[in-house]
Amino acid sequence: MIFIFYFFLGTIFGSFAHLLCERSLRGENIAFPPSHCTNCQKKILKRDLIPIISFINLKGRCRFCNEKIPLSYIFYEIIGGLLFIFAMNDRNFIEGIFIFLSLLISFVIAMIDLKSMDIYMIYIYILGFLGLIYRIIYLKIEIEFIKIIGIFTLIYIFIYYISRKNIGDGDYFFYLALFLFLKNEKIIYLILGSIWLGGIFAIIIAIKKRSSKIKIPFCIYIFLAYIIALL
Ligand SMILES: [Zn+2]
């Protein structure tokens, strides 16, 4: 029973994540105007704001103009629900909320990066700030953790220059923010997992496009590897 509750709670956040992505990409204000149909601009009714259920009720169409509601709405809501259940597994509620928010913000960063090849630093800052609080409460900032960051930074700078600045510095800060949520021994899973996943896809894309000069949005692999590291 509790899982249904968690899932539903997660879908509400997922719906908000969708709004964040869409409005960030269009350079719009997050808080204003209230949710509206992007086709007819009519404000969405309160009873049509229930994640997933409203979508099914309306058969995926706007109540006023009958325009199809993009499937991405329901995709984000389901992801939000699943991430919530995942985050709550084996954690107390407050700690689970921290992990859930870290996952959701990472998902937003990854989706924006996929669509725009750009990392919106505001989300990295929020993630880093949350991570700092989380680390102080649930883990510790000890010498071992500082060492890991030091070594990682040196390797990153090295790769940054030999790749002729082809990897972004936004990715670096994304890694650092996520380190804050992970036990020291789990950090390696995040680093290696993302490189492996990103590498495999880069090879597939390079073969398809018959070119080695491709830019890949890397955040999605960092996000997926973060889930692996949390397991
Ligand atoms: Zn409409």
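This report describes a group of salt bridges in a predicted model.

Because the model is predicted, local features need pLDDT of at least 70 and side-chain atom pairs count only at pLDDT 80 or more, while totals for chains, interfaces and linings use all residues. Residues are numbered from 1 along each chain as its sequence is written, and side-chain values use heavy atoms, with hydrogens and water left out.

A search of the whole structure finds four salt bridges, a term that stands for a side-chain nitrogen of Lys or Arg within 4 Å of a carboxyl oxygen of Asp or Glu. Salt bridges link Glu22, Arg26, Glu28 and Lys115 in a network, and the pairs in question are listed here.

| Pair | N to O distance |
|---|---|
| Glu22 and Arg26 | 3.6 Å |
| Lys115 and Glu22 | 3.6 Å |
| Arg26 and Glu28 | 3.0 Å |

Glu22 and Arg26, by contrast, both belong to helix H1 (residues 2-26) and are four residues apart, about one turn of the helix. Helices here are DSSP runs of H or I with at least four residues, numbered from the N terminus.

As to accessibility, buried means under 20% relative accessible area, exposed over 50%, and partly exposed in between, with a 1.4 Å probe and protein chains only. Glu22 counts as partly exposed because its relative accessibility is 22%, and Glu28 is partly exposed at 32%. Arg26, with a relative accessible area of 42%, is partly exposed, and Lys115 is partly exposed at 47%.

How values were computed
Helix = DSSP H or I, 4+ residues; strand = E, 2+ residues; numbered from the N terminus.
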